[in-house]
Amino acid sequence: MLDFKISKLSDCFGIEISDIDLTNEFNNEDINILKRLFFDNHVIVFRDQKISEQQQLAFTKHFGELEVYPEADKTRDSQKTYHVANVNLDGKHLTDKDEQVIFQKVNQNWHTDSSYRFIPSYASLLYAIEVLPDDAGGGETEFVNMFEVYDSLDNELKIKLEPLHMVHYYEFGRRMFPNLPPVSDFEKENIPPVSHPLIRLHPDRHNSRSLFFTANAGNEIGGMSQEKGSILHKKLVAIVSNSNFKYKHRWKKGDLLMWDNRCLLHRAVSYDMNKYRRVLRRTTLAGTSAIKGPFLDPSII
Ligand SMILES: [Fe+2]
């Protein structure tokens, strides 16, 4: 039976767990306890971990299937871990002109991981290997609770959003940063643009609604002109940025943080990338079904 300490990360969501070693063996009962805590709190930070890539993969697999990255430009040695770093695998600090670093800038916009897939990811686990010193500005990861954001919208906007989709596509990063190399034919074929409902229903939570969009994978709304869609998209970005339902995580070395991509957005906070090294290792859990919108089942509107 697990024995650990839990404390709250913020008033809105998230917990911190200490006195646990994630390299230990866990039985089904232990994992069910962690799954329940994750479901209820959306973010769990495990402090003071010392965990290898293989151990992180093994821990991640307790919660579901791993997501595999077919994209060519994320990592050199593995399709199952993503190096969120301005340092290459040989330990060299890269400048902010390097494409690996530019991808980190794309993710300074609100997003959920892999929203550009037909089935976006369920959850991500990020392990802190090198972090910014305490006196450096930025480098945090910020999260926002999209159930709370949806609930805070006025009724007129809720009704307007109800039937709408956003178009998500992997290539959008190139629009923001045209110096990135073009998307390969392989990537174009394997990850074409997809549309997801702006209002997401959660079947495992009695079809409760959250707002679902991203700002790193598009700004177009299906059925609206590009101009009108991008105005609405900008408005949604501003609502999220100005909301009170956020938690900003200041990384400590050895943190392993897992978050629920189904009900949170997140973004990296900018920092001086040429001055400071930042190395995080991500594993990702695949989603299990396409995103459900309110219009799919008229009986539940
Ligand atoms: Fe991300």
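Which residue in S14 is the bridge partner of phenylalanine 143? It is histidine 266, and this briefing starts from there. Welcome to a predicted model, in which local features need pLDDT of at least 70, side-chain atom pairs count only at pLDDT 80 or more, and totals for chains, interfaces and linings use all residues. Residues are numbered from 1 along each chain as its sequence is written.

**The chain as a whole**

- The chain has 8 helices and 15 strands; helices (H or I, at least four residues) and strands (E, at least two) are DSSP runs, numbered from the N terminus.
- Its radius of gyration, taken over C-alpha atoms, is 19 Å, close to the 19 Å that the globule rule (2.2 Å times the number of residues to the power 0.38) gives for 301 residues, so the chain is as compact as a globular protein of that length.
- Along the principal axes, the C-alpha atoms fill a box of roughly 50 × 45 × 35 Å.
- Of the 301 residues, 36% are buried; a residue is buried if 20 or more other C-beta atoms lie within 10 Å of its own, exposed if 12 or fewer, and partly exposed in between, with C-beta atoms placed from the backbone.
- Take the contacts (C-beta atoms, placed from the backbone, within 7 Å) between residues at least 6 apart in sequence: 79% of them join residues at least 24 apart.

**Strand S6 and its partners**

- S6 runs antiparallel to strand S12 (residues 246–249), joined to it by 4 bridges; two strands pair if DSSP finds at least two bridges between them.
- Strand S14 (residues 264–268) is also antiparallel to S6, with 5 bridges joining them.
- Phenylalanine 143 has tyrosine 247 as its bridge partner in S12, and histidine 266 in S14.

**Helix H8**

- Helix H8 (residues 226–241) has 16 residues and reaches 22 Å from its first C-alpha to its last, close to the 22 Å expected at 1.5 Å a residue (1.5 Å times one less than its number of residues).
- Leu232, His233 and Leu236 are buried in H8. They cover an arc of only 100° around the axis (by the directions from the axis to the C-beta atoms), which puts them on the same side of H8.
- The buried residues of H8 pack against strand S11 (220–221), while the face turned away from them carries the exposed residues Glu227, Lys234, Lys235 and Ala238.

**A buried loop residue**

- Tyrosine 170 sits in the loop between strand S7 (165–168) and helix H6 (172–176).
- Tyrosine 170 counts as buried because it has 23 C-beta neighbours inside 10 Å.

How values were computed: Contact = placed C-beta atoms within 7 Å.
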